[in-house]
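Thanks for coming, everyone. Please look at the screen while I walk you through this one.

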Amino acid sequence: MRSHVDALSATLTALRAESARLTRWADVLAQRLPAGARLLAAGNGGSAAEAQHLTAELVGRFEDDRPAYSAIALHAETSSLTAIGNDYGYDEVFARQVAAHARPQDVLLLLSTSGRSRNLLTAARAGRTAGATVWALTGPGPNPLASVADDAVCLPGSGSSVQEAHLVAVHALCVAFEASLSNRDGQAPAREGRVLGRRAS
């Protein structure tokens, strides 16, 4: 157990170095989502759970009471997912949905511990074609998904450490997003300067 926690600590140290990038992402979301844009998110397996966690925080709330914002977890659209997979193949299950939903000013966030999942690569290309901004949370770089995305956070470590750190990144993004919203509204942010924060379950 100690070796697992030590490995995670090293990945989290790398995540801390990405604080400025996550803050920039949060500022983009705070500008675009209130103006009517949406966040689309996707991943496979545990990364799907992390992506859906983020969309739930945006539609609901993280810590601060504020308006709901449009965020869709593409893998949660089970009828679309299975129909597309059946008709077009699994590589297209997200790309087809991105083609349907993504518009300029939208953000597509893709999570992958490997950065090599073909269905996420095709989704990223579809997002670029649609004019959306494509971000990736991945494992060690360089990797194909980070290369095709507009911006990426690439974390070192094993798949499990990266996936656990991605949850921290999701929460950090939410902290920074709500702080940025408060700043835009002329209010003092509830947790100024705390990007890699922690919330109670």
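**Backbone, a buried histidine and salt bridges**

Start at P142, which sits in the loop between strand 4 (133-138) and helix 7 (144-148). Helices (H or I, at least four residues) and strands (E, at least two) are DSSP runs, numbered from the N terminus. The peptide bond from G141 to P142 is cis, with omega near 0 degrees.

A word on the source. This is a predicted model: local features need pLDDT of at least 70, side-chain atom pairs count only at pLDDT 80 or more, and totals for chains, interfaces and linings use all residues. Residues are numbered from 1 along each chain as its sequence is written, and side-chain values use heavy atoms, with hydrogens and water left out.

Next, Q105. Its phi is near 85 degrees, a positive value in a residue other than glycine. Most residues other than glycine have a negative phi, and most peptide bonds are trans. Q105 lies in the loop between helix 5 (95-101) and strand 3 (107-112). At 46% relative accessibility, Q105 is partly exposed. Buried means under 20% relative accessible area, exposed over 50%, and partly exposed in between (1.4 Å probe, protein chains only).

Now H75. Look in the loop between strand 2 (71-73) and helix 4 (78-88). Is H75 buried or exposed? H75 counts as buried, because its relative accessibility is 12%. Its side chain reaches the backbone oxygen of A48 at 2.7 Å. Leaving aside neighbours within four places in sequence, H75 has contacts (heavy atoms within 4.5 Å) with several residues, including A41, Q52, L81 and F94.

On to charges. How many salt bridges does the structure hold? There are five. A salt bridge is a side-chain nitrogen of Lys or Arg within 4 Å of a carboxyl oxygen of Asp or Glu.

Take D151 and R21: their closest N and O atoms are 2.6 Å apart. D151 lies in strand 5 (residues 151-154) and R21 in helix 2 (residues 19-32), so this bridge ties together parts 130 residues apart in sequence.

E178 and R66 also form a salt bridge, at 3.2 Å, N to O. That pair links distant parts of the chain: E178 is in helix 8 (residues 159-184), and R66 is in the loop between helix 3 (46-59) and strand 2, 112 residues apart. Both E178 and R66 are buried.

R128 pairs with D150 in another salt bridge, with the closest N and O atoms 3.3 Å apart. R128 lies in helix 6 (residues 118-130) and D150 in the loop between helix 7 and strand 5, so they tie together parts 22 residues apart in sequence. Finally, salt bridges that share partners join E18, R21 and D151 into one network.

Key
Polar contact = N/O pair within 3.5 Å; in protein donor to acceptor, adjacent residues only side chain to side chain.
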